[in-house]
Structure formats: structure tokens, C-alpha cells
Amino acid sequence: MTTPESAPALVELDDVSKYYGNIRALEGVSLEVHAGEITCVLGDNGAGKSTLIKIIAGLHRHDAGTFRIEGEDVALASPREALDLGIATVYQDLAVVPLMPVWRNFFLGSEPTKGAGPFKRLDVELMRETTRTELLRMGIDLRDVDQPIGTLSGGERQCVAIARAVYFGAKVLVLDEPTAALGVKQSGVVLKYVAAARDQGLGVVLITHNPHHAYLVGDRFVLLKRGVMAGSHTKDSVTLDELTRQMAGGSELEDLRHELERPTPS
């Protein structure tokens, strides 16, 4: 039986770097994404998370190192090429049309049609029913797929985007800070559907600055700091406290604590 460890990683970055002129955006970053696992990439603003997303999503080519998809070296030229290879990216500012219904956004850009010639038209019933079925399959029970997607909560919109990626055959799902603008309850809902995508056999890349969210669902953790790797761990090799400490800066935070301590009154 093939295990996730023995099968080629769905996505593998080995010592990948990216430069913009003299600016180092990423240097020497490595990670693996396996089927049925969640790889979390953690870092503060400016850590290089956005650049990493753009490389995996095909927006930017890496300048050094190796990028492999299912064992094959690649240098993606466009997001369409990444999609064709099974990599779907859901950005924080979801590309949806707020006034269009949920079903229309679900199929946006990939609408099925029926009829031919002058009688060719959108297959609205198929889109409505497929949207309803696919959302239910992911455990998402919307009141009405005809309601404008802009009326949904931020968490619900994220969940629709995840279900859409699963339906259109994604093997790897890249999620850009899906819980960043959400409250505790909605964040929990989104993390539940992230786990559902993992349980359907997808490899998930979860970009986040929240170690608590990452530790709830993650199998692997990569920490970035100013474009370089600050740590790489599996779930069984790191505790939440240690992950949080490294994310917060570790020794730097300890130095800051000493600086901020009030002097003891004499």
C-alpha cells in the first residue's frame, strides 16, 4: 500500500528563492504538500507568504531551487497552467461578484450550456442543482443558492470557494489567510471545511499568521521570517506552545520582555 510518505508529494518546493531586482522576497524555502494532509505556512506581514502563494499559484516563476508537482519539475507560466495541473488558489479577497447568486459564482468562468447555435444557452437548472449538491456534500447547507453571494457571511463565502475548488478537480488547495477577517465562530466553520477538503484526499496549503488555527488542523508547519525559513515541523515534533513561541519571535520576544519590564522600586 502506498503511503503519503512513499508517494511523490503533490507539491514540493526544494530550496526555492525569488528575487525582485536586489530585493530578496524568498530564499531557500522548502516544503511538501501530500494528499490528505494540511501544510501550514506561518509568518507575520512581510514574511514572504504572499510571494510563496504566487509561486505555487503560477503568478510568478521562482528564480532558484526546484518546484515539483507530483515528482515532475515545473516552472509555471500562469495561473491557468497551475489550475490545469490541479492547483487551485483561494485568495483572501475572494474573486466573487457580490450581486450574483451563489450558483452563478460557483460556476463563474466555467458555465455549462445546453442547446446549439442560436439556441445555445446557460444550463441554469444544472448549475443550481450541482451547486446545491456539491455544497451539501461538503456539509454546507445554504438556505438558498439563488441568494446573492454578497449576502453570505465571510466564512460562508470561503466555504463556497473551497467547495468550488473541490468540484472542479483540484488536487491541491492553497488558502490565503482564510480566517484572517473572521470571528472565532466563523473561523471554526471555515477550518471545519478545510479539514473536509483534506479528508477528501486533497493536499491543502493553509497560509496563516494564527498558530492556534494552524495547530488545530495542520500536519506540517513551515515558519517564514523575512523571506527565509525560521522552522519546519511535523505535528508530532512540535507543541502548540513551541510553535507559538517560534511564531512570536522566540528569543526576540524574551529580549523585548526584559526591555519592557518595570524597574523594581528601591
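Is Asp146 buried, exposed or partly exposed? Select Asp146: its relative accessible area is 33%, so it is partly exposed. Here buried means under 20% relative accessible area, exposed means over 50%, and partly exposed lies in between (1.4 Å probe, protein chains only).

Before going on, note what is on the screen. This is a predicted model, in which local features need pLDDT of at least 70 and side-chain atom pairs count only at pLDDT 80 or more, while totals for chains, interfaces and linings use all residues. Residues are numbered from 1 along each chain as its sequence is written, and side-chain values use heavy atoms, with hydrogens and water left out.

**Stop 1**

A salt bridge is a side-chain nitrogen of Lys or Arg within 4 Å of a carboxyl oxygen of Asp or Glu. Helices are DSSP runs (H or I, at least four residues), numbered from the N terminus.

An α-helix has 3.6 residues a turn, so residues three or four places apart point the same way. Glu125 is exposed, at 52% relative accessibility, whereas Arg128 is partly exposed, at 22%.

**Stop 2: further along helix 4**

Select Glu134 and Arg137. Their side chains meet in a salt bridge of 3.0 Å, N to O. The two are 3 residues apart in helix 4, about one helical turn. Glu134 is buried, with a relative accessible area of 11%; Arg137 is partly exposed, with 49%. The salt bridge count comes to 16.

**Stop 3: helix 5 against helix 6**

Show helix 5 together with helix 6 (residues 184–199). Their axes come within 8 Å and cross at roughly 10 degrees. Axes are lines fitted to C-alpha atoms, for helices over the stretch in contact, and angles run from 0 to 180 degrees between N-to-C directions. The two helices are therefore roughly parallel (an angle under 35 degrees).

Next, colour the residues in contact (heavy atoms within 4.5 Å). Helix 5 contributes residues including Gly154, Cys159 and Val166, and helix 6 contributes residues including Gln186, Tyr193 and Ala197. The contact residues divide into 8 nonpolar, 4 polar and no charged. In this grouping Ala, Val, Leu, Ile, Met, Phe, Trp, Tyr, Cys and Pro are nonpolar, Asp, Glu, Lys and Arg are charged, and the others, Gly among them, are polar.

**Stop 4: two cysteines**

How many disulfides does the structure hold? It holds 0, a disulfide being a pair of cysteine sulfur atoms within 2.5 Å. Cys40 is buried at 0% relative accessibility, and Cys159 is buried at 1%.

**Stop 5: helix 1**

Finish at helix 1 (residues 49–56). Of its 8 residues, 6 are buried, so this helix is largely enclosed by the rest of the structure. The buried residues are Lys49, Thr51, Leu52, Ile53, Ile55 and Ile56. Just after helix 1, select Gly58, which takes a positive phi of about 90 degrees.

Methods:
Parallel < 35°, antiparallel > 145°, perpendicular 65-115°, else oblique.
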